[in-house]
Amino acid sequence: MIEVKNLHKSFGEAEVLKGISTTFEKGKTNLIIGQSGSGKTVFLKCLLGLFNYEEGSISYDGEIFSQLTEDEKRNLRSKIGMVFQGSALFDSMTIAENVMFPLQMFTKQSKSEMQDRVDFVLKRVNLDNAHYKMPSEASGGMQKRVAIARAIVNNPKYLFCDEPNSGLDPKTAIVIDNLIQEITDEYQITTVINSHDMNSVMEIGEKIVFLKDGLKAWEGSNETIFKTDNEAVTNFVYSSNLFKKVRKMYLEENK
Amino acid sequence: MTYLYNIGNYFLMIAEMFRKPTKWPVMKKLIFKDIDDLIIGSLGIVAFISFFVGGVITIQTALNISNPLIPKYLVGFATRQSIVLEFAPTFTSIIMAGKVGSFITSSIGTMRVTEQIDALEVMGINSLNYLVFPKTIALMLYPFVIAIGMFLGILGGMAACVFGGYTSLENYILGLQTDFDTFHVIYSFIKTFVFAFILATIPSFHGFYMKGGALEVGKASTTSFVWTSVVIILLNYILTGMMLG
């Protein structure tokens with residue numbers, strides 16, 4: 001479980017996060033949503049320790065991140081899997097080498113054991129025959145799946161995804177969403193996803209945190225988001241006619 | 001203030017580079033890859049430039065010695081001194097700041113832009129050790145490149161001398177052997193080791209700490225070339241004053 005208490009982050013005069021408190025639970029897909037500029041990416045980067053913050057605390061299963069030494073922070077990070085918005089695959093390595101990289105760095109497995117694990121994980125993300133391709137030869141969807149494979153290959157306790165669906169067609173986006181949810185359930189990972197995609201919110205948002213102007217404006221789940229009367233949430237989530245209709249149908253069905 | 005901040009940050013980067021080393025089997029591969037990219041990949045251009053500049057130095061020296069009292073073997077002597085003391089260690093390093101330095105800055109800068117460095121950090125890897133340390137070790141072989149440059153420069157001078165008819169082969173070789181001081185070669189290689197460290201770290205600094213997108217990668221490469229050259233020229237002056245002055 002990840003617990004965030006009163007998180008403040010500024011860039012010069014501009015305060016981007018204004019005291020966010022929330023928890024992200026184990027075995028659940030936790031979504032952070034909000035408009036562009038609401039502080040989602042900054043929040044995610046603070047969670048990952050890529051940004052320092054002025055006030056507040058973030059604890060990973062009781063360990064307060066800011067109180068850890070640099071070496072302890074690195075050890076904690078080795079338990080984190082991250083899927084970047086642009087996949088961030090190492091372009092000098094093949095797909096199999098990218099996936100094997102965390103194993104080479106953090107385990108003492110033999111080459112054949114690592115190879116078996118890579119084969120297993122690539123099969124898990126439906127990329128059985130892509131081992132020797134370079135990232136530049138893979139499509140956007142394939143790159144995202146490789147990034148997921150790399151993130152989960154070393155059995156992480158925490159999985160972070162920054163806009164995992166951006167730039168993907170709706171069908172591939174659903175495949176990626178389902179894959180993340182299956183992996184979260186299967187390995188009981190604490191998953192935190194930063195997303196703009198309303199399909200993801202409805203499909204896999206077991207916990208949803210809505211940010212507005214650097215503050216937590218609402219939190220709930222993909223069930224309660226239909227019922228909420230929070231104006232900021234409804235303006236954001238149901239801005240399209242399609243989602244307005246979906247909400248209306250849901251509320252009529254669940255009267 | 002920005003200059004002071006950057007200088008401080010550069011030294012912090014160097015200290016951080018030696019902390020939490022990457023596992024040796026992985027590091028070994030990185031070092032060999034960087035030897036191939038930075039050292040083997042530079043041999044061609046260094047050989048080509050050294051040979052022809054050696055020839056030019058010989059021709060210019062020979063053409064400027066018009067006084068019959070000056071012995072003809074002085075051409076070989078002057079060529080040797082110019083190449084061993086300055087051309088091979090210093091001016092080849094400036095050329096390498098363009099070739100190797102730009103390569104290092106743009107490759108690390110591209111990794112920064114595409115979040116590959118963030119990916120390393122999130123995994124708990126000391127990205128400075130992973131990216132900069134192998135380049136620094138690979139460039140410790142740079143004196144071999146300079147040794148080849150010295151040899152080919154003198155050979156180029158000999159070819160120009162003999163085929164251009166400026167002086168005889170015997171006179172040129174006599175000049176090469178006249179007043180030979182081993183310390184000059186040692187001085188030259190000490191400079192080369194220092195320049196190798198500069199060639200690895202300053203371009204890495206500019207790539208690692210760059211901000212922005214693709215356009216900024218290009219700008220960082222240019223800035224890195226300028227600063228690497230400036231530092232090499234300044235250190236050349238200081239080291240020459242310390243060792244030969």
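Modeller: H2(B) provides the largest share of the lining of the second largest pocket, 7 residues. The model is predicted, so local features need pLDDT of at least 70 and side-chain atom pairs pLDDT 80 or more, whereas totals for chains, interfaces and linings use all residues. Residues are numbered from 1 along each chain as written, chains are lettered from A and ligands numbered from 1 in written order, and side-chain values use heavy atoms, without hydrogens and water.

The volume of this second pocket is about 1000 Å³ (the space filled by probe spheres set on grid points joined across faces, edges and corners). A pocket here is an open set of points on a 1 Å grid over the protein atoms alone, where a 1.4 Å probe fits, with protein on both sides within 12 Å along at least five of seven lines; lining residues have an atom within 4 Å of a point. The lining comprises 37 residues, and those closest to the centre are Ser92(A), Met93(A), Leu30(B), Lys33(B) and Tyr130(B). Two or more residues come from each of H3 (95–106) and H4 (111–124) of chain A, and from H2 (24–64), H3, H5 and H6 (133–138) of chain B; helices are DSSP runs (H or I) of at least four residues, numbered from the N terminus. By type, the lining divides into 16 nonpolar, 11 polar and 10 charged residues (nonpolar: Ala, Val, Leu, Ile, Met, Phe, Trp, Tyr, Cys, Pro; charged: Asp, Glu, Lys, Arg; polar: the others, Gly among them).

For context, the largest pocket holds about 2000 Å³, and H1(B) gives the most to its lining, with 10 residues.
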